Amino acid sequence: MLEIKNLSVTYGKHKALQDVSISMTEAEAIVILGANGAGKSTLLKSVAGMVRPNTDAQIFMAGENLIGMPMHEVVETGIAVVPEGRGVFAELTVRENLLLGAYPKRARANEQANLDNVLTLFPRLAERRRQTVSTMSGGEQQMVAIGRALMSAPRLLMLDEPSLGLAPVLVGELFQSLAKIRESGVGLLIVEQNVKISLSIADRGYLLEAGRVVGQGTAEALADDPAVQNAFLGAAAHT
């Protein structure tokens, strides 16, 4: 479904990504591991059309070339992004935020069905659909952000640090919801500091270091890898 080859991105003199190649199939869940500054967020932004990659890069979604495509057209290919920090419209209600996600042409015909699915996935949002988002907790706002992305009827949902700032109990609830999303047939590409819980719902993972892919494997293999355990899982267990 998603194919990335030879992706390099430079910010001034800083090489954020260097010859990164990643692929994922339909409805697969992939986690991108790496320390802060490894290039994980830049990878998602490159797919979404938010940053310009090098001229040799190739990014294809279901065979469609994404390089040079405006962000609103990337959404129409079936890609949705939940950015770090959520990016919700704080002064609007839950319902208003969700309906904004249905703007893409691909989603308009099934707006009500998609809304029903989101409210079933997140019952708390159904209870608070008229509540102003600024008055909600961080976990509830993250539900709004994910729900808004799902309103675009994506085939691939990309999430940048979805558990950031959430209490452990809410992190567990959040990843249970992501597992249900994956089971519904939506692919997941997740950047997440809580490595242990993200690997628990993933099929495979890639390890980024200084902008390069330095390892990859099944979620089980990465969870058992001593290098991954030493670098991430010890710290992740306390997040």
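Guide: One begins with the terms: lining residues are those with an atom within 4 Å of a point of the pocket, and helices are DSSP runs numbered from the N terminus. Please note that this model is predicted.

Visitor: With these terms, which helix gives the most to the lining of the second largest pocket?

Guide: H5 does, with four residues. This helix spans 111-121, and helix H8 (168-183) likewise supplies at least two residues of that lining. Among the lining residues are Asn 114, Asn 117, Val 118 and Leu 121, together with Lys 180, Ile 181 and Val 186.

Visitor: How many residues of each class does this lining hold?

Guide: Seven are nonpolar, three are polar and one is charged. The space in this second largest pocket is about 240 Å³.

Visitor: What volume does the largest pocket have?

Guide: About 640 Å³ of space lies there. Its lining consists of 24 residues, and those nearest the centre are Met 71, Val 75, Ile 79, Val 81 and Pro 104.

Visitor: Which elements give two or more residues to the lining of the largest pocket?

Guide: They are helix H2 (71-76), strand S6 (79-82), helix H4 (105-108) and helix H7 (138-150). H2 provides the largest share, six residues.

Visitor: And how does the lining of the largest pocket divide by class?

Guide: There are 15 nonpolar residues, four polar and five charged.

Notes. Residues are numbered from 1 along each chain as its sequence is written. This is a predicted model: local features need pLDDT of at least 70, side-chain atom pairs count only at pLDDT 80 or more; totals for chains, interfaces and linings use all residues. Side-chain values use heavy atoms; hydrogens and water are left out. On a 1 Å grid over the protein atoms alone, a cavity is a set of points where a 1.4 Å probe fits but cannot get out, and a pocket is an open set with protein on both sides within 12 Å along at least five of seven lines; lining residues have an atom within 4 Å of a point. Grid points are joined across faces, edges and corners, and a volume is the space filled by probe spheres set on the points. Ala, Val, Leu, Ile, Met, Phe, Trp, Tyr, Cys and Pro count as nonpolar, Asp, Glu, Lys and Arg as charged, and the others, Gly among them, as polar.
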